[in-house]
Amino acid sequence: MRTVIRNGRIVTAVDDYNADILIEEGKVSMIAKAIDATTDRVIDAKGRLVIPGGIDPHTHMELPFGGTFSSDNFETGTRAAAHGGTTTIIDFAVQSKGMALSEALDKWFAKAEGRTSIDYGFHLIVTDMPDERLPEMKEAIRQGVSSFKLFMAYPGVFLADDATIFRAMTTAAEAGGLICMHAENGIIIDEIVKRALAQGKTAPKYHALTRPTKAEAEGVHRAIAIAEIAGSPVYIVHLSCDDSLQEVIRARDAGLPAYAETCPQYLFLDYSVYEKPGFEGAKYVMTPPIREKWNQDKLWRGLQMNDLQLVSTDHCPFCFKEQKELGKDSFAKIPNGGPGVEDRMSLVFNGGVASGKISLNRFVEITSTSAAKIFGLFPRKGTIAVGSDADIVIFDPNEERTISAKTHHMNVDYSCYEGMKVRGVTKTVISRGEVVIDEGKYVAKPGRGQFLKRGLFNSPR
Ligand code: URP
Ligand code: ZN
Ligand code: ZN
């Protein structure tokens, strides 16, 4: 199958020019001013942007949490991702306590294989890492699972103590892996939660009010300090607020290999969502919680200055009916997480490029290229170049759409952004040379997506 994309404006993290792209055997084989070749398919991209497929390095399909599972599986979740212009996800396989890392990976392979519409990789959530298991981390890295998430939150379930974090960081550093940190002081948070519940404070808003920004910032500070002692890079996931960002800035200014992502919910939503009437606030119960509005400008500045390297989603949807309702009587029982994988590209384009906060190149960098570089996928993914996978999005920068659960493709009964008008719409999506979304219509077969063996961590600075 040979495809040519004509008349488009190609934008990568560094380039911006008009040219044609020839795709052969799933890869970009030629980029030239005008390509004169016999092809099976011609895609006209006139008036549109031609950008690298989005990479969302933080999703949770079918994640077990609080007695239920996140409501998108790998079939529905990757189809929705494709609709939104994301062609690669990196999902989190979970090691339960006492479980071998290989068993955790086998479980996630069984969930994903034969179901995805786009390519996927895995990180490993590590909950238990005694000395004798450390070689398993090195084996996972050899198999292309080169990053690990550890939690400073959720004592008794996910929390890894400082010794475990130190062991994991030392081992990852030796083998070229990367530790991703859920940075929040979960011990103190649990104490505050206990006190709130004892005072009868059970409504969703108390999820936010029991997780102070300082508890997150303390986790970020400690994660970076332990990484420095271990001689390891560290990547802070779902950074939500300025207190935490200041810790990352301080570390980066000191030359430490500290990296961080934020998510659309922290850029576009604010604490007032928890003050919505009735149980509505449960829709936004995620961790860290959504913060006071003034933090948003600080996070945008972090993205502008490269103190934050990228925007992921932390896509972890639970239906309002029946799943979020598990916490009707106590915010502590509301499953943590929200949907987002489908809307990331539009939201960041609208809030970033259309509103003049970031350039088009930076948009590509924070939605695709940085993730490819940090997570060992570059230059196969994350750019448009001869030899790279033809993961390409044809994006209309002028069209508007209104985000709604009525029209989204995620398997969840609400949207965090219901009614929000955004400029910038994904029209056609090509994954390894195959059109999966054609002018907004899903045309692929689930199961065509491939597992991505990722390379070692390679500092993008
Ligand atoms: O609330 C969230 N973020 N749920 C998903 C699990 C995690 O901590 O990333
Ligand atoms: Zn987390
Ligand atoms: Zn997450």
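Student: What should I know before we start?
Tutor: This is a predicted model, where local features need pLDDT of at least 70, side-chain atom pairs count only at pLDDT 80 or more, and totals for chains, interfaces and linings use all residues. Residues are numbered from 1 along each chain as its sequence is written, chains are lettered from A and ligands numbered from 1 in the order written, and side-chain values use heavy atoms, leaving out hydrogens and water.

Student: OK, helix 5. Which residues are buried there?
Tutor: Gly186, Ile189, Val193 and Ala196. Buried means under 20% relative accessible area, exposed over 50%, partly exposed in between (1.4 Å probe, protein chains only). Helices are DSSP runs (H or I, at least four residues), numbered from the N terminus.

Student: Where do those four sit around the axis?
Tutor: On the same side of helix 5, because they cover an arc of only 75°, taken from the directions from the helix axis to the C-beta atoms.

Student: And what's exposed on the other side?
Tutor: Ile187, Lys194, Arg195 and Ala198.

Student: What covers the buried ones?
Tutor: Helix 7 (213–230) is included in that cover, with contact meaning heavy atoms within 4.5 Å.

Student: What happens just after helix 5?
Tutor: Gly200 takes a positive phi of about 80°.

Student: Switching to helix 11: how many of its residues are buried?
Tutor: Nine of the eleven (residues 344–354), so helix 11 is largely enclosed by the rest of the structure. Among them are Arg344, Phe349 and Val353.

Student: And just after that helix?
Tutor: Gly356 has a positive phi of about 80°.

Conventions. Helices (H or I, at least four residues) and strands (E, at least two) are DSSP runs, numbered from the N terminus.
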